[in-house]
Amino acid sequence: MNGALLVIILAAAVALGLGLMARRGHDMGLEQWTVAGRGFGWLFVFLLLAGEIYTTFTFLGASGFSYGLGAPVYYILAYGTLAYIISYFLLPPVWSYAKKHHLVSQPDFFVYKYNSRSLGALVSIVDLVALIPYLVLQLTGLGIIVDAAGYGAISKDVAIWAGALIVIVYVMVSGIRGSAWTAVVKDILILLVVLWLGLYLPTHLYGGVGAMFEKIDAAKPGFLIFPAKGMSVWWFASTVLLTALGFFMWPQSIAAAYTAKNAGVFRRNAIFLPLYQLILLFVFFVGFAAVLAVPGLKGGDTNLALFKLATQQFSPLTVGIIGAAGVFTALVPGSVITMTAATVLSKNLIVAMKPDISDDQTALIAKWSVPVIMLIAVYFTLSGNQTIVSLLLMGYSFVTQLFPVLVASLMKRNPVSTPAAMAGIVVGVLVAAYLTFTHASVGGLMPWLPQMIQDFNVGIIALIANVVVLVVVSAITRPAAESQEA
Amino acid sequence: MVFARWLAALPFIGFLIGPIVHNQSHPFILGMPFPLGWVTCWVVITAIIMWIVYSIDPRNKSEDE
C-alpha cells in the first residue's frame, strides 16, 4: 500500500466519523434533519452556500477547463460573485417566508406561495432531473480522483461504491449537520491545497504567475483572451448573467439557506463570499500551469490536468493529500445533493399524494429515500451512460427556469397566476431540453442575426420563452391566491 | 436603500464591460492577462461594494428579522 492511498483512506474515514458525530445531542426530526432546526450561524451557512463552488467539478473541471479552453474559464469567477449580490436581496425574504411556514425544501416554497401541490410536484421533478446528474458527476469525479491519486491501486468502481456508502450512512444518521461538519474539514483542506498548488506550480515551473502567463501568451497567442466567435466576449457576458440568475435556484442552495438562524446571516455573508471565490483563481493557475508542462491531453482527459501535473511533480504522499482534498470535494457536495433529492422525492412527491402523513413519518420516508437516490446515481455512474452528460448540461438551465416564478412570488402583489407558473416552467424546461439535445446555438438557429447576438448563451432563449408564456397565461388566468402573503 | 440598490447593480456592468471593451492579453493586471485581471479586480470591488451596502442598510442595525 502506498502513502497516497493511506492518506485517501484516512480522509474517507475522517469524513465518515465527522459525519456521524455531527448528530450528537440532536433529535433527528424532519426539521432538524433537513434544515438543522434553522439554527446555523454564519459560519455553517457560509460553508454550505460556498460549498457549491468547490465541488469535484471545480477541482477537476475548472483546472481542466483552463487547460483545454483557456480564457472562457474566467466566467466562473464572475457569475458566482454576481450571484452573491443577488443573494443579499433574494435570500432574506425567502428565509423569512420559509421560517414562518416551516418549509424544509425548495419545492415547499412554491407549494405555499402558489397554493398548489401540483406546482410543487412539477418543481420537484425538475429538481430531481437536475440533481441526479449532478450527483453522478460527483461520483464520477470521486472515481477519477481516487484512481489518479491512488496510482490505480483502488479501482474507480470500488471508490464509487465506498463513497456512496459513506454518504448514505452519514446522511441518514446526521442529515444536513453531517454535511456542515464535513464541510469545515473540506474547506480547510481545499484552501490549503489549492493556494499552495496555485502558487507553487507557476513559480516552480515558470518563475512566477506573470512569467507563466507571458510564456503561454507567446506559445499560444489568443489562448488567454476570448475568441472572436463562439465563446466570445458576448458568450461570456450572456453566460455570466444567465448562470448568476440560476445559481440560487438549485434546491440544495435554497435548502442550505433555510438552515440560517436569522436573515442577517445572508447579508453579512454577501460581503465575504465573493472574496472566498478568489480561491478559484488558484485552480485556474494550476490548469494554466499544466498547459505547457503536460501538453497533449484531449477531450475528457483534460479533467486529469491537475493530477497529471501533480503526479509528475510531487511525491506520492503529497499526491495523496491532494487526493484527500479531492475526495472531500466529492463527498460533501454529494451528501448535500443526496439529502436534498431525498427530501424533495419524499416530501414533495410521495407524501404530497397522501397529505395526512405526519412529520415523523415523512422524516422516515425521507431518510430511506437516501439510499434510493444514491443507488440510482451509482447505477448511472457505473453504466457510463452518455445521456447523463447532456442531462448535466441541462440541469443548470432547468433550475434557471424557476427564477422568474420565484422572483414574481416575492412581489407584494404576485402578477403570475398558478397555471402560468406551471406553463412557464414546462415551456422553459422543454425548450432548454430541446436546445441541449440538438446542440443548438443562437447562431445556428438564427444565422441572420449579428455575430454578437449569435454568440449569446443559448439558454437565454429558454428563459425568454418561459417569461413570454408566464406573461401571456397570467393575462388570461386569475393571479395566484392572495391568502399566502409573505 | 435606493442608492444601495444602484450601487449593488454596478458590478453587473463592471464585470462585463472590461473584456467587451478590451479583449487583449496586455496590459497584464497583477501578473494576469487583462480579462482575468479585470474580473479579479471586480471580485474585490464587489466585496467592497457589498460592505458599503451592508453598512448603510438599516435592516442590519437589528440582528433579528
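Good morning. Across the interface of chain A and chain B, the rule finds zero salt bridges, a salt bridge being a side-chain nitrogen of Lys or Arg within 4 Å of a carboxyl oxygen of Asp or Glu. Please note that this is a predicted model, in which local features need pLDDT of at least 70 and side-chain atom pairs count only at pLDDT 80 or more, while totals for chains, interfaces and linings use all residues. Residues are numbered from 1 along each chain as its sequence is written, chains are lettered from A in the order in which they are written, and side-chain values use heavy atoms, without hydrogens and water.

The contact (heavy atoms within 4.5 Å) takes 38 residues from chain A and 34 residues from chain B. The buried area is about 3,300 Å², with 75% given by carbon and sulfur atoms; this is accessible area, for a 1.4 Å probe, lost on putting the two parts together and summed over both. In chain A, the residues that lose the most area to chain B are A:Tyr88, A:Arg267 and A:Ile271, together 17% of what that side buries.

Which element gives the largest share of the side of chain A that touches chain B? Helix 5 of chain A does, with ten residues; helices here are DSSP runs (H or I, at least four residues) numbered from the N terminus. By class, that side of chain A has 29 nonpolar, five polar and four charged residues, where Ala, Val, Leu, Ile, Met, Phe, Trp, Tyr, Cys and Pro count as nonpolar, Asp, Glu, Lys and Arg as charged, and the others as polar. Thank you.

How values were computed
Helix = DSSP H or I, 4+ residues; strand = E, 2+ residues; numbered from the N terminus.
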